Amino acid sequence: MTFLKFRIAKETNLASLKKGLKLFSKETSFLKGAVDIDGLPPADKIEVCFAGRSNVGKSSLINALTRRKSLARTSNTPGRTQEINFFNVGENHLIVDLPGYGYAYAPLEKVQSWQSLLTAYLSGRVSLRRVFLLIDSRHGVKNVDEEIMNLLDSAAVTFQVVMTKVDKPKQKDFESALEKTRASLNNHPTAFPEILLTSANKIEGIDQLRTIIANIE
Ligand code: GTP
Ligand code: MG
């Protein structure tokens, strides 16, 4: 049997699945939005964040996970999320929605201030257990994603690729996006060895993502 390094995450066992369902049946609430590094809440919980290009589906995925239609604000217009938004899940977990990167049409000053906040958060947050790096399943990894992966490698923060909007691409386009993504992950030592496929619209891969988060120590 050949060992495929960046394999697709498959169903997990029943006990882990139950743990995921249990965590996300707890109360979820908005904790706070931070616009600068001084505004971050205490780093005293198990924290995971959702990073990715503008419009990739970060906020939608958080809403699907928490079964809340508009806990995180979503939009057709890239650049919707402009702060680092923290959400409580139960008593011990924080889920973090990040502003998207790679959006060229916002004022330069604004883009620079998001980017420096994003960089400071991703490289310096001690309670951050895992970054879910969202990649659009129509496009695969782009240069701006590579830059974030390089940053995460140098900060030694584990990141796991989550392909979003799997309901959208044709099979052929999806396969080439996946191959492109795998090729790129090969160059990144902090990449988690499994890729998760999701659709927030069709609720695919959501239980698996809940399970992954609940089983992070
Ligand atoms: P920013 O906050 O601007 O960085 O964007 P975001 O990454 O938070 O994306 P958001 O969740 O706002 O979604 C962007 C657009 O993609 C919205 O129009 C969503 O409805 C759409 N979208 C999100 N997830 C899916 C999905 O699984 N399938 C499809 N077809 N569309 C999706
Ligand atoms: Mg958003």
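1. Contact here means heavy atoms within 4.5 Å, and helices are DSSP runs (H or I, at least four residues) numbered from the N terminus. This is a predicted model, where local features need pLDDT of at least 70, side-chain atom pairs count only at pLDDT 80 or more, and totals for chains, interfaces and linings use all residues. Side-chain values use heavy atoms, without hydrogens or water, residues are numbered from 1 along each chain, and chains are lettered from A and ligands numbered from 1 as written.

2. Let's start with α2 and α6. L61, A64 and L65 of α2 touch I206, L209, R210 and I213 of α6. By class, six of these contact residues are nonpolar, none is polar and one is charged (Ala, Val, Leu, Ile, Met, Phe, Trp, Tyr, Cys and Pro count as nonpolar, Asp, Glu, Lys and Arg as charged, the others, Gly among them, as polar).

3. How do the axes of α2 and α6 cross? Helix α2 (residues 58–66) and helix α6 (residues 206–214) have axes that come within 9 Å and cross at roughly 85 degrees, which makes α2 roughly perpendicular to α6. Axes are lines fitted to C-alpha atoms over the stretch in contact, with angles from 0 to 180 degrees between N-to-C directions; 65 to 115 degrees counts as roughly perpendicular.

4. Helix α1 (residues 14–23) also packs on α6, at about 90 degrees with the axes 7 Å apart, so α1 and α6 are roughly perpendicular too. S16, L17, K19, G20, L21 and L23 of α1 meet D207, R210, T211, I213 and A214 of α6. This contact has five nonpolar, three polar and three charged residues.

5. Now the ligand. Ligand 1 is surrounded by 22 residues (a heavy atom within 4 Å), the closest being K58, S60, N76, G79 and D167.

6. Among the polar contacts (N or O pairs within 3.5 Å), a backbone N or O atom of S75 is 3.0 Å from a ligand 1 oxygen, and one of V56 is 3.3 Å from a ligand 1 oxygen.

Technical notes. Helices (H or I, at least four residues) and strands (E, at least two) are DSSP runs, numbered from the N terminus. Angles under 35 degrees count as roughly parallel, over 145 as roughly antiparallel, 65 to 115 as roughly perpendicular and the rest as oblique. A polar contact is a pair of N or O atoms within 3.5 Å; within protein, one must be able to donate a hydrogen and the other to accept it, and residues adjacent in sequence count only if both atoms are side-chain atoms.
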